[in-house]
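Take a first look at the sequence and the structure below. The walk that follows goes through one chain and then the other.

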Amino acid sequence: VVAFRDVTQSKADEREIRLLTDELEERVIERTAQLRVANQELESFSYSVSHDLRAPLRHIAGFSKMLAEEYGAGLAPGAQHYLDRIQAGTQKMGLLIDELLNLARVGRHSLNRQSARLNPIIADLITILEPDMRGREVKWAVADLPGVECDPVLVRQIFQNLMANALKFTRSRTETVIEICATQKQEDGQPVFTVRDNGIGFNMKYVDKLFGVFQRLHRAEDFEGTGIGLATVQRIVQKHGGEVWAEGEEDKGAAFHFTLGAGKNREAKSDGAKAGG
Amino acid sequence: MMNTPELDILLVEDNQDDMDLALHALQRGQIANRIFVVRDGEEALDFLFCRGKYAERSFDHPPKLVLLDLKLPKVDGMEVLKQLKADDRTKTIPIVILTSSKEERDLVAGYNLGANSFIQKPVDFDQFRETVKQVGLYWLVINQPPVIDDRKRLAGASHGDK
């Protein structure tokens, strides 16, 4: 009888557990569906930003240009200047929209980790950045970087943004030196990648603002830019479960360091932990 | 070539501003003289399938190039593209998607449906004009389209000798 009762009890427990599991699974499905809807909304939002905002901007750029060309001769001197300012404004806004979309795209790009060599990516980027080096003396000191498990498409974007920044903020230097190297993190031996320049640097008291969207530490007249580049870098690093940080001193250059997480095993954990940013 | 009402470009564009800018760019580029504009997807299909108010048109005189916007009233650009590329009578007409968007899914969908090119309209007007000029130059001057008889033969799917 006792044995019989025990079986009933354990059967009841089993049923209970199955019920709870089913309930939990149902909840997961429900939440996933909600997340999917939210994601789709975000996607369609960035789609309309791309399509709907760019169109009227093109019209402003186009018609102001036509106005300048066809009726410029009859305009008072100041009017032509205002037209130029309109043109400059539309170009800036076009860049902003494109970079915001790029940032959004990084968000929904699924991480495609694979072993990658970084030196070829950097060599390629140096070629691409050549127009920005014209008429300047730029020395790239690129160390032999260790192979790493990462999404090469996204990591390329990290280096592109950091290298373009380094070039931009060294413009006043007679000789520009940009160093790209890797060291090992003490705690876990992870590679830390560094892009260091001898440019105008920044005051460490503003270091927290560096990675925020639209945050800029310099006047637009001195250095062009949208304030989205470093936010994109941070987003990509976080996606990898890594960290990014910066060091700088005014007029003494800046250094940007980042890690890319520890590969497949630890990815899930670190992804969640760093998501708050 | 032939003494027929030949058309260089069919511009499918619903937005008046975009239409004016594109026409300006095409005329400035001095490549296309005969441009016809339709203002939504349905009208584009009627025009190219020679039906409705375009019933008197003939399949023998297709435009040399269709510039197709994606966001269109009634029938959207992708659907227009799909129908044109699915029909033997229209599938050889070059179709260039000219749009504000460069969304990956549009790109993939467009090429999968057989678009001949996909071009994002640049915000900068000089670049836009240059782009339109290059597109016109390529499709109207450099590219060699099939002549009508061959087009029919292709459509008939019988590959006899010429």
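**Chain B, then chain A**

Start at the N terminus of chain B, where the elements run β-α-β-α-β-α-β-α-β-α-α. That makes six helices and five strands. Keep in mind that this is a predicted model. Chain B has 162 residues, and 50% of them count as buried. Now look at its contacts with a separation of 6 or more. Residues 24 or more positions apart account for 64% of those.

Which residues of α2(B) are buried? They are G41(B), E43(B), A44(B), L45(B), D46(B), F47(B) and L48(B). Two names on that list, E43(B) and D46(B), are charged residues. What do the buried residues of α2(B) pack against? Three strands of chain B take part: β1 (9–12), β2 and β3 (65–68). Helix α3 (77–86) of chain B is a partner too.

Next come the loops of chain B. N33(B) sits between α1 (16–29) and β2 (35–38). Is N33(B) buried or exposed? Its relative accessible area is 69%, and exposed means over 50%, so N33(B) is exposed. Sequence and space tell separate stories here. N33(B) and L7(B) are 26 residues apart in sequence. From C-alpha to C-alpha, the two are 8.5 Å apart in space.

Two further loop residues have a backbone angle worth checking. Most residues other than glycine have a negative phi. C50(B) has a positive one, near 50°, and is not a glycine. This residue lies in the loop between α2 and β3 of chain B. K74(B) also has a positive phi, about 65°, without being a glycine. K74(B) belongs to the loop between β3 and α3 of chain B. Where do the two stand on accessibility? C50(B) has a relative accessibility of 11%, which is under 20%, so C50(B) counts as buried. K74(B) has 64%, which is over 50%, so K74(B) counts as exposed.

Now move to chain A. Its elements run α-α-β-α-α-β-β-α-β-β-α-β-β-α from the N terminus on. Seven helices and seven strands make up that list. Chain A has 277 residues, of which 36% count as buried. Among its contacts between residues at least 6 apart in sequence, 71% join residues at least 24 apart.

Two helix pairs in chain A share α6(A). In one pair, helix α5 (residues 152–168) packs with helix α6 (residues 229–239). The axes are 9 Å apart, at an angle of about 150°. Angles over 145 degrees count as roughly antiparallel, so α5(A) and α6(A) are roughly antiparallel to each other. Their crossing is left-handed. Which residues of α5(A) and α6(A) meet? From α5(A) come L154(A), V155(A), Q157(A), I158(A), N161(A), L162(A) and N165(A). From α6(A) come G229(A), L230(A), T232(A), V233(A), I236(A), V237(A) and K239(A). By class, this contact of α5(A) with α6(A) has eight nonpolar, five polar and one charged residues. The spacing along a helix has a simple background. An α-helix has 3.6 residues a turn, so residues three or four places apart point the same way.

In the other pair, α6(A) meets helix α2 (residues 77–108) of chain A. Here the axes come within 10 Å and cross at roughly 5°. Angles under 35 degrees count as roughly parallel, so α2(A) and α6(A) are roughly parallel to each other. On the α2(A) side, the contact is made by E99(A), L103(A), V106(A), G107(A) and R108(A). On the α6(A) side stand G229(A), A231(A), T232(A), R235(A), I236(A) and K239(A). The residues of this contact of α2(A) with α6(A) divide into four nonpolar, three polar and four charged.

Finish with the cysteines. How many disulfides does the structure hold over all chains? The number is zero. C181(A) has a relative accessible area of 14%, under the 20% limit, so C181(A) is buried.

Definitions and conventions
Residues are numbered from 1 along each chain as its sequence is written. Chains are lettered from A and ligands numbered from 1 in the order in which they are written. This is a predicted model: local features need pLDDT of at least 70, side-chain atom pairs count only at pLDDT 80 or more; totals for chains, interfaces and linings use all residues. Side-chain values use heavy atoms; hydrogens and water are left out. Axes are lines fitted to C-alpha atoms, for helices over the stretch in contact, and angles run from 0 to 180 degrees between N-to-C directions. Helices (H or I, at least four residues) and strands (E, at least two) are DSSP runs, numbered from the N terminus. Angles under 35 degrees count as roughly parallel, over 145 as roughly antiparallel, 65 to 115 as roughly perpendicular and the rest as oblique. A crossing is left-handed if the near helix is turned anticlockwise from the far one by less than a right angle, and right-handed if clockwise. Contact means heavy atoms within 4.5 Å. A disulfide is a pair of cysteine sulfur atoms within 2.5 Å. Buried means under 20% relative accessible area, exposed over 50%, partly exposed in between (1.4 Å probe, protein chains only).
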